[in-house]
Amino acid sequence: MNGKQQLRIGIVGAAGRPRAFKQAIADHPRATVAALCDVTEERLRQASAHFGAYPAYLSYETMLEEAELDAVIVGTPMQVHVEQTLLALKRGLHVISEVPAGVSVEECRRLVRAASRSKGQYVMAENCNYMKPHMTIANMVRDGLFGELYYAEGEYLHEVKALNESTPWRRVWQTGVNGITYGTHSLGPILDWMDGDRIAKVSCVGSGRHYADSAGRPYAIEDSCVMTAKTEAGRLIQIRLDMLSERPGALNYELQGTRGCYESVRYELLGSGKVYVKRDGEPKREWADLAEVGEAYVPDIWRGLPEAVVGESGHGGSDYVMVTDFLNALTEHKPSPIPIHRALDMTLPGLISQRSIERGGEWLDVPDSRTWE
Ligand SMILES: NC(=O)c1ccc[n+]([C@@H]2O[C@H](COP(=O)([O-])OP(=O)(O)OC[C@H]3O[C@@H](n4cnc5c(N)ncnc54)[C@H](O)[C@@H]3O)[C@@H](O)[C@H]2O)c1
């Protein structure tokens, strides 16, 4: 960081996903955008129009060389994350990478090596961990309200056939590989609730193939893929990914413990949900609204946010809360909120599920990246 102790951030893929991070960076007292990078003049113009007139680069390497950065936000398509993260970590820069961490197990190994050698911190930008209901549930779990946790479900249902046309990388990496290609949004909050646990084994099967793209080419992936997972502590988790089926989008979660359970609002992308908590002496089991019973468990970082931030900033305000937390950690020299091994706990099960589905749902071990160092 420079003399004024401002964290200087370079943003790559700046005309895409990182646009949602603008307000949180602007509001942070000790961080500033220092440079923008994208691959075409047109995209760079769009990025500059959004973020402001910062030095703008068509070459990522040149940005790293010239812009005197402390940190990089890697907001490029998923197949580019690792190569760009490695270049920044090698220079000792902090990296905030979009999800997933990487697209192959070999890439993930390279990430671990680079992260362990760098003086920069690695942070994975899993915004679902920061959604208000998910952080509230995490606090309720820690307070023991649900008892011992043993089961969870997550579903990411987001039809992207049209989006595949405007962002063709999705056609290759998200809907061109069978299995769980985009599982961190589902696994992130669940593993957070199951504090410290990780997935040890997965089996993945699919629902068959029912769709074609606009050119009439059938999708080679199965529409709905379901990964069943056992954690190291013996818990059961089920993840469904579907990016093709004709239906409105939904981000669903379910959690079960020995004293209670949580169900997110199905059919609503960012709804709150309902909980049941067992009360001794009360035989009747009734749902309660999370927004009411969870009020005392809402984390401080969510309190007092301006309405405009919650309403306008990405994903119901979770992008704002996440970026604020990351910038606080980096500027206060605290540990990464989502460090490399937690990022890989969310990423590796999906990569192994892609092998499992090829083998008819065979149960396969998920490597523990902590053993790679
Ligand atoms: N966390 C979330 O809620 C969320 C939402 C959307 C996307 N994502 C993730 O964010 C990433 C980007 O997704 P998107 O929707 O913004 O995609 P996009 O295609 O809309 O935007 C990507 C941007 O990166 C640029 N780009 C591509 N290759 C580049 C390179 N080599 N160097 C520099 N710039 C490059 C493109 O020109 C484009 O401006 C993906 O990994 C995706 O998985 C996360």
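## Loops and backbone geometry

Glu68 is placed in the loop between α3 (60–66) and β4 (71–74), where helices (H or I, at least four residues) and strands (E, at least two) are DSSP runs numbered from the N terminus. The model is a predicted one, in which local features need pLDDT of at least 70 and side-chain atom pairs count only at pLDDT 80 or more, while totals for chains, interfaces and linings use all residues. Residues are numbered from 1 along each chain as its sequence is written.

Although Glu68 is not a glycine, it has a positive phi of about 50 degrees. Glu68 is exposed, with 12 other C-beta atoms within 10 Å; a residue counts as buried if 20 or more other C-beta atoms lie within 10 Å of its own, as exposed if 12 or fewer do, and as partly exposed in between, with C-beta atoms placed from the backbone. His333, in the loop between α12 (318–331) and α13, likewise is not a glycine and has a positive phi, of about 55 degrees. His333 is exposed, with 8 other C-beta atoms within 10 Å. A cis peptide bond with omega of about -10 degrees joins Val99 and Pro100, and Pro100 lies in the loop between β5 (94–97) and α5 (105–117). As background to these details, most residues other than glycine have a negative phi, and most peptide bonds are trans.

## The six-stranded sheet

An open sheet is formed by 6 strands in the order β3-β2-β1-β4-β5-β6, with parallel pairing; two strands pair if DSSP finds at least two bridges between them. β3 (56–57) and β6 (122–124) stand at the edges, and because each has a single partner strand, one side of each is left without a neighbour in the sheet. Within the sheet, β4 and β5 pair in the parallel sense over 4 bridges, and Val74 stands opposite Ser97 in β5.

Helix α4 packs on this sheet, touching β1 (7–12), β4, β5 and β6, and its direction makes about 165 degrees with that of β5. Residues are in contact here if their C-beta atoms, placed from the backbone, lie within 7 Å, and axes are lines fitted to C-alpha atoms, for helices over the stretch in contact, with angles running from 0 to 180 degrees between N-to-C directions. Helix α12 lies across β1, β2 (31–37), β4, β5 and β6, and runs at about 135 degrees to β1.

## Strands β7, β9 and β10

Strand β10 (residues 236–242) runs parallel to strand β7 (residues 149–157), and 7 bridges join them. Tyr151 stands opposite Leu236 in β10. Strand β9 (residues 224–231) pairs with β10 in the antiparallel sense over 7 bridges, and the bridge partner of Val226 in β10 is Arg240. β9 and β10 form a hairpin with 4 residues between them, and Gly234 in the turn has a positive phi of about 95 degrees.

## Helices packed around α5

The axes of helix α4 (residues 81–90) and α5 come within 10 Å and cross at roughly 15 degrees. That angle makes α4 roughly parallel to α5; angles under 35 degrees count as roughly parallel, over 145 as roughly antiparallel, 65 to 115 as roughly perpendicular and the rest as oblique. The contact is made by Val82, Thr85, Leu86, Leu89 and Lys90 of α4 and by Glu107, Arg110, Leu111, Ala114 and Ala115 of α5. By class, the contact of α4 with α5 has 6 nonpolar, 1 polar and 3 charged residues, where Ala, Val, Leu, Ile, Met, Phe, Trp, Tyr, Cys and Pro count as nonpolar, Asp, Glu, Lys and Arg as charged, and the others, Gly among them, as polar.

Helix α5 also packs with α13, at an angle of about 175 degrees and with the axes 11 Å apart, which makes α5 roughly antiparallel to α13. Val105, Cys108, Leu111, Val112 and Ala115 of α5 meet Ile340, Leu344, Thr347, Leu348 and Leu351 of α13 in this contact, which by class has 9 nonpolar, 1 polar and no charged residues.

## Helices α9 and α13

Helix α9 (residues 184–193) and helix α13 (residues 340–358) have axes that come within 9 Å and cross at roughly 135 degrees, which makes α9 oblique to α13. Their contact is made by Thr184, Leu187, Gly188 and Leu191 of α9 and Asp345, Met346, Thr347 and Pro349 of α13. By class, this contact of α9 with α13 has 4 nonpolar, 3 polar and 1 charged residues.

How values were computed. Two residues are in contact if their C-beta atoms, placed from the backbone, lie within 7 Å.
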